[in-house]
Amino acid sequence: MNLTSRRRLLLVGASVATLGLTLSACSSGGAQSTKSASSADCKSNTYTIAMITHEAPGDTFWDKIRAGAQAAAKNECIKLNYSADPQADKQAQLIQTAVDSKVDGIATTLVTPDALAGSVKAATDAGIPLVGFNSGIDAYKKLGALEYFGSDETLAGQTVGERLTSQGVKHPLCVIQAAGSVALEARCAGVKAKNPGTENMQVNGTDDSAVVSSIQAKLTQDPSIDAIVTLGAPIAMDALKSMSAANSKAKLVTFDLNVDAAQAIKDGKIEFSVDQQPYVQGYMAVTALYLYLKNGNDIGGGGPVLTGPSFVDKSNIAKILPFAKNNTR
Amino acid sequence: MSQETSAAPAVTTSDASNRVSLTWSNRLLRRPDFAAAVAAVIILLFFFVIAPSFRSPDSIFTVLYQSSTIGIVAVAVGMLMIGGEFDLSAGVMVTTAGLVNALFSYYLGVNLIVGALVSLVFCLAIGFLNGYLVMRTGIPSFLITLGSFFVLQGANLGVTKLVSGAVSSPDISKMGGFSPISSFFAGSFVVGGVTVWNTVIFWIVFVAISGWILHRTKVGNWIYAVGGNAASARAVGVPVRRVKIGLFMTVSFLAWFVGMHSLYRFNTLQAGNGVGNEFLYIIAAVVGGTLMTGGYGNALGVAIGAFIFGMTSLGIVFAGWDPNWFRTFLGVMLVLAVLMNLYIKRLSTARKVG
């Protein structure tokens, strides 16, 4: 009696779950076909690759990295396991989990090299090839990662600093939207290295109206600010609002792209964007592992492969805008 | 004697001849917003002195705008806390409200006004569910709304990604119904060369309504009663469940309101936004003299709390200080405000006896 009722419950549960799965499979059709990595045209998966990042949930930038990784995985019939956690210890744990589940390859961001070193070593000890991407350009070799794909943040910052200096900018404001990010600090430090008048400012990146008011307040407080450097496309859009509210004539420069920022470059509201091409980072990390596993290739020959800085300005925006709309640039 | 304090919000009846009549200083000290008002004046003067750019009317209205985006939701969060409950889902619900409107209208090609109403119904349903679950299960609202916080945070990302293929909502500025709804929620007007955002006006209106409800209506008495002691409130016939569910729905209504503002001011929303703002609403309420345990606080205090928040967050920038320290200031201010509230409350109770 007890057993049968429990069995019936199980049966009901199972059928509900199946129904749920079927429904979700149906509803994810259409435009979502790019989402599932191992799709119908693959008969079986070639390899399983784990991608682990320090993504803060809901950032358009990471979405592009993921889109690139998924596109690569789909092309080569790879099963892609994506996971992310912004906290170093949790990210290390995710890498360890990938090692434990004996994946064929691991692609990870190396944002906090010291915290991730142990897990990276566990992967290489287990004979699992691991590539770094997005961050950790100075550390990937020491940690034992095979290859590295990404931008040199300091170099990118310096390029911005140089370009601003050549335009006669004296006092740029570098806006950091996430507290304590090594990569964002490195960018601003790079800007400051080539334009000593640079001042940093911290804003709350999860609240647009707070970002607008804060930058607006800063522009009012210090009218000598003649350029704003934002480190993410959505923040650049907020900065535009602050500038018009504060009647500021400052130049606006940003890192990264989204549709709105690309449009603003086209309209001449943003001078230029420094693109590290996140789509390429995700795509290359997965592809490199595939080529290594399949063919023993070593892309970059031990040196880092740079995906940026690539400048997007009035001269090339017409070509890039459609890709931005496609969420790949 | 404790009876005297807990009965504070109840309006004195005319025939209370046996009551101790209070001097004006005692009355002032007994107000929950008194400490906050003093703090606000001190902070205001402080920034006036050290930050020249803070002194212009433009700057003051920037501060008021910043305060209003926190303050509007804080009005409801304050009332909810007076009613003895918490809502940790309020921060992400603001983003949910905007996302529901944008995604619904964009992908079904429906006029934005309809989308806004759908979003309103959706938010009220979440508020109802929060309240219903708290009342039905007896689980503390802290836990129930922590749950809905996570559910909404995940759904914001998951659903947005599923529907739009990206983690931000599509740009809705070219859709039908945009301009009337945008000029209502995200409009501004110029008075004497100063830009005033509509949200500032709405904020004042909501504070006034909240003050009226709390102090001039039966429902207001009920709110203090359920926050003070739900069991005895029920015993004297207060519909505890309805009052509390109503308060949760008020929070979700005002979260929706601010969500509409963010969507229509920025035309698009990032799905990860809003996290952490729930604490700012609670901080505004607490700094404004609302008691964490319920039953004590008022609307003006919560408004002053939000104003202090806006003033500090931007004052630091106006002063040219390193805003990295802002959260530290906020924390210190929070603790100071609570200490001051406690001190003044003791002072007023002690004096009354003598």
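**Close-up views of a predicted model**

Chain A has 12 helices and 12 strands in its secondary structure, where helices (H or I, at least four residues) and strands (E, at least two) are DSSP runs numbered from the N terminus. This is a predicted model, in which local features need pLDDT of at least 70 and side-chain atom pairs count only at pLDDT 80 or more, while totals for chains, interfaces and linings use all residues. Residues are numbered from 1 along each chain as its sequence is written, chains are lettered from A and ligands numbered from 1 in the order in which they are written, and side-chain values use heavy atoms, with hydrogens and water left out.

View 1. Of the 329 residues in chain A, 50% are buried (under 20% relative accessible area with a 1.4 Å probe, protein chains only; exposed is over 50%, and partly exposed is in between). Take the contacts in chain A with a separation of 6 or more: 72% of them are between residues 24 or more positions apart, a contact being heavy atoms within 4.5 Å. An unreviewed UniProt entry lists residues 50-295 of chain A as "domain: Periplasmic binding protein"; UniProt positions follow the numbering used here, feature names are shortened, and annotations may be inferred rather than shown by experiment. That stretch of chain A, residues 50-295, is 51% helix and 18% strand, and its end C-alpha atoms are 19 Å apart.

**View 2. A:Thr109 and its polar partners.** A:Thr109 sits in strand β3 (residues 105-109) of chain A and is buried, at 0% relative accessibility. Its side chain makes a polar contact of 2.9 Å with that of A:His54 and another of 3.0 Å with that of A:Gln91. Such a contact is a pair of N or O atoms within 3.5 Å; within protein, one must be able to donate a hydrogen and the other to accept it, and residues adjacent in sequence count only if both atoms are side-chain atoms. Beyond its neighbours within four places in sequence, A:Thr109 also touches other residues, including A:Trp62, A:Leu116 and A:Phe133.

**View 3. A:Arg163 over two rings.** A:Arg163 lies over the face of A:Phe272, at 4.2 Å from the ring centre. A:Arg163 also lies over the face of A:Phe311, this time at 4.5 Å. To count, NZ of Lys or CZ of Arg must be within 6 Å of the ring centre and within 35 degrees of the ring normal.

**View 4. Aromatic pairs in chain B.** There are 28 aromatic pairs over all chains, counting rings of Phe, Tyr and Trp (its six-membered ring) with centres within 6.5 Å; planes under 30 degrees apart are stacked, over 60 edge-to-face and the rest tilted. B:Phe54 and B:Phe318 pair edge-to-face, 5.7 Å centre to centre with 75 degrees between the planes. The two are 264 residues apart, B:Phe54 in the loop between α3 (34-50) and α4 (57-82), and B:Phe318 in helix α14 (residues 299-318) of chain B. B:Phe54 is buried at a relative accessible area of 0%, and B:Phe318 is buried at 1%.

B:Phe206 and B:Phe257 are also edge-to-face, 5.0 Å centre to centre and 90 degrees between the planes. B:Phe206 is in helix α9 (residues 198-216) and B:Phe257 in helix α12 (residues 240-266) of chain B, so this pair ties together parts 51 residues apart in sequence.

**View 5. Helix α10 of chain B.** In α10 (residues 218-228), B:Gly220, B:Ile223, B:Tyr224, B:Val226 and B:Gly227 are buried. These residues are on the same side of α10(B), because they cover an arc of only 165 degrees around the axis, taken from the directions from the helix axis to the C-beta atoms. The buried residues of α10(B) pack against α4, α9, α11 (230-235) and α12 of chain B. The face turned away from that buried side carries exposed B:Lys218 and B:Gly228.
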